[in-house]
Amino acid sequence: MRLVRLIGSRRRLMLILALTLSAPATAEAQWASVGDAARPARSGNALVFRTAQGVLSVSAIAPEIVRVRFSPGTRVDRDHSYTVVPQAPALQPARFETGARESHVITPALRVTIRHRPLRIAFADANGNSLDEDDPANGIATTGRTVRVWKRLRDDERVYGFGEKTGRLDKRGWKLGGYTYVMWNSDTFAYDASSDPIYASVPFFLVLRGGTAHGIFLDNTFRSSFDIGHTSEGLLSFGAEGGELDYYFIYGPSPRDVVARYTSLTGRMPLPPLWALGNQQSRWSYFPESRVRFIAENFRQRSIPADVLWLDIHYLDQYKPFTWDPDRFPDPAGLVGGLRNQGFRVVTIIDPHPKKEPGYGPYDSGLAGGHFVRNPDGSIYEAPVWPSSAPENPGPSVFPDFSRSATRGWWGSLHQPLMDLGVAGIWNDMNEPAVFATPTGTMPLNLRHDNEGQPTDHREIHNVYGMLMTRATYEGLQRIAPDARPFVLTRATFAGGQRYAAVWPGDATSDWSSLRASIPMLAGLGLSGFPFVGADIGGFVGAPSAELYTRWLQLGVFYPLMRTHTAFGTPDQEPWSYGSRHEAVNRRAIELRYELLPHIYTVMQQASTTGIPAFRPMFLDFPHDPRTHELDEQFMFGDSLLVAPVVREAATDRELYLPEGEWYDFWTGERQGGGATIRVPVTLSSLPIFVRGGAFLFRQPVVQHTGEMPGQPLRVVVYPASDSSGTLYEDDGRTMQYREGNVARRRFRQQRDDASCSVRVDPSEGRYRPAARSLELHVWWTGREPARVLAGDQLLPRASKTELEKLAAAWTVDGSFVIVKQPDRIEAMTVRVER
Ligand code: GLC
């Protein structure tokens, strides 16, 4: 900016900036700026501008969401998106103002100014405070094939999101000089902190300035890239190597608002089945079936809770999807049924690469239905993936064209036999798509795809291939078992893929830095619409030390998807594989997961309706506290739990930041003032957790699997505030009946002063009734023991802790808590604890 003073002329400065900024941004053809526009035309709910480079339309989708769509050239494509879900029309339509020099799109929340010469867009809030602006020198530009926009990046802005990305939570990477990210789904075995891109692409980011946030979603499936102050400190640019520059500006003002709106635009995670929130055990691969049974028996004999066992590619016959190896797994129905009787579910892997083999059902029916991806000359594309490494009769694979709706239908129905066997969920892997023995690791860019009726090449479909595979799987499972909640896990996906599958970030290395890196990565996924996420516990590539596995499992208690997984040929990686000391600590971590399941289920249900992730960065709940803005090693789980897992080797203490407010040590009940960084001593079994004052935690006793939950006492832990409330969500955990009101949603409210605490339970909303059980209120309490405890107007007896177990209604004191027990009648009532 020193140049300004030197040259004095703004015009000349623009020219110099334009030349210097555009040159390094690409090695390709020269950028052609969008140029000047004449007065716009009104078309429906949009203002349409024409320039020498293309057509730009600006429309309001909602008061806080504005769509900017620039089509290079003169043709505007069909309006089609794999991501954006149909939107209800805005209640208050936008106002448009057109002038000679500039035009405006005005909503109750936003004022968008479009300057005509040259064409530049600026977003401000209703009071005119600037939120986001095109860079004056470089707005939108194109090289003919690529499209890009340069925006101002202010010094005090932080940038988050981008889905599954390595690096720090704040993608500004302050001291690192800003990240550049590419969106191109890639099979990246043993990736590390500097690898990019990896498996999934979510071209969405959130900008936070002070406490105010907005987001931008680039709805373009081509390879795209985002430069966050990297090439030039004050500029953020993004664009794609094809298609339109089609983006949505999403206003907050809070970051939660942005995430809620982004997910209203792109859809939300469906409510998962309860069992999928239990502890899960996987490896590449458990086989033969006796080994799978052995693993199941060990969990039960050792009383280590678990719900799910996973079958990786060795269950298949020569790695062919939808088959079973007849020697290793001679009786799949017997195995799956037997495990079910022990309380286990089975999830099986299905990759998108049926083998080219006449006589093999999926190949024959796929060929007959015209379902496989083709070469430009019309022949079917073949390439090596797992079936090419099969010990017997190896051969190439063919690839379903999931961008064709008939193909998705066909693929979905191939799951019928697996569902008939009782398989509970499907694991979609290798769907970037991964291809062996090519330098790019994926398909050639010129392959042909249907693209829902508008044929295109692989450049446009690559990034949505995995998501469309999960859509085929999800919709298939839904059709086969309409009353069951489908469960799908995927490696590759795209924005909006949260509607179909949970995501795990692939083949990370078993080391301490990967353990730490999983926190900002999963937090970034959560911000980007994906709440159901979890990394391989223990890491995938290599073998974790006993200590690393234990620490990873402790963090995994708060991964929404809690699954241990490891690569082929690594040593045993079960909770009991590291000796009895570690087994005990590992058991305790998994037990905590099960004790918290009523809470975890409630938080995940909220995520499914609001889009606000369960596992979330600190700033989402504390946007106005700048000290939360770059915390990479601690996170919130729901609104109430602050988790600071131990993620450093041989640690003897852990530093963490408690935001303003009152906090309670989860383990001791001890009160801690907030607004400070504290250091807590740790041992191997420590998992530092703090509970927010006023929180309600919903717990239960340890169970061995989710099938044991009905009838367990419900424990509601009440952390003090003068007035606060919390809501518990329950349903049958399995079926779709929650959609018809078969739910139990109950609000608990405390009012507290020096003399008493009363907890009121509201009547349940919904008609679901849990099995008969007791309700224990654990009311945080300090000082003199209560003089009396009342349930309604009934005085409850004081009991010892052991007596309490036998009594239906009584109270006792346990450490920092007064426990008030009575039958859970699922009706309105009030408990009063008096000093
Ligand atoms: C890929 C997956 C991994 C799986 C393996 C074999 O590497 O990322 O999780 O175990 O393939 O299927």
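Colleague: Why is strand E41 (residues 756-761) largely enclosed by the rest of the structure?

Modeller: Please note that this is a predicted model. A residue is called buried when its relative accessible area is under 20%. Five of the six residues of E41 are buried, so the strand is largely enclosed by the rest of the structure.

Colleague: Which strands pair with E41, and in what sense?

Modeller: Strand E40 (residues 743-752) pairs with E41 in the antiparallel sense, over five bridges. E41 also pairs with strand E47 (residues 829-834), again in the antiparallel sense, over six bridges.

Colleague: How many residues stand between E40 and E41?

Modeller: Three residues lie between these two strands, which form a hairpin.

Colleague: How should I read the nonpolar cores?

Modeller: In soluble globular proteins, nonpolar side chains tend to be buried together. Here the largest nonpolar core has 161 residues, and those touching the most other members are Phe399, Trp411, Phe487, Phe532, Phe558 and Tyr719. Helix H9 (residues 458-480) supplies the largest share of this core, with nine residues. A second, separate core has 42 residues, including Val159, Ile228, Tyr247 and Phe249.

Colleague: Which residues is Phe487 in contact with, leaving aside its neighbours within four places in sequence?

Modeller: Among them are the aromatic residues Trp275, Trp310 and Phe532. The contacts of Phe487 also include Pro273, Val347, Ile426, Leu477 and Leu561.

How values were computed: Residues are numbered from 1 along each chain as its sequence is written. This is a predicted model: local features need pLDDT of at least 70, side-chain atom pairs count only at pLDDT 80 or more; totals for chains, interfaces and linings use all residues. Side-chain values use heavy atoms; hydrogens and water are left out. A nonpolar core is a set of buried Ala, Val, Leu, Ile, Met, Phe, Trp, Tyr and Cys residues joined through side-chain atoms within 4.5 Å. Buried means under 20% relative accessible area, exposed over 50%, partly exposed in between (1.4 Å probe, protein chains only). Helices (H or I, at least four residues) and strands (E, at least two) are DSSP runs, numbered from the N terminus. Contact means heavy atoms within 4.5 Å. Two strands pair if DSSP finds at least two bridges between them.
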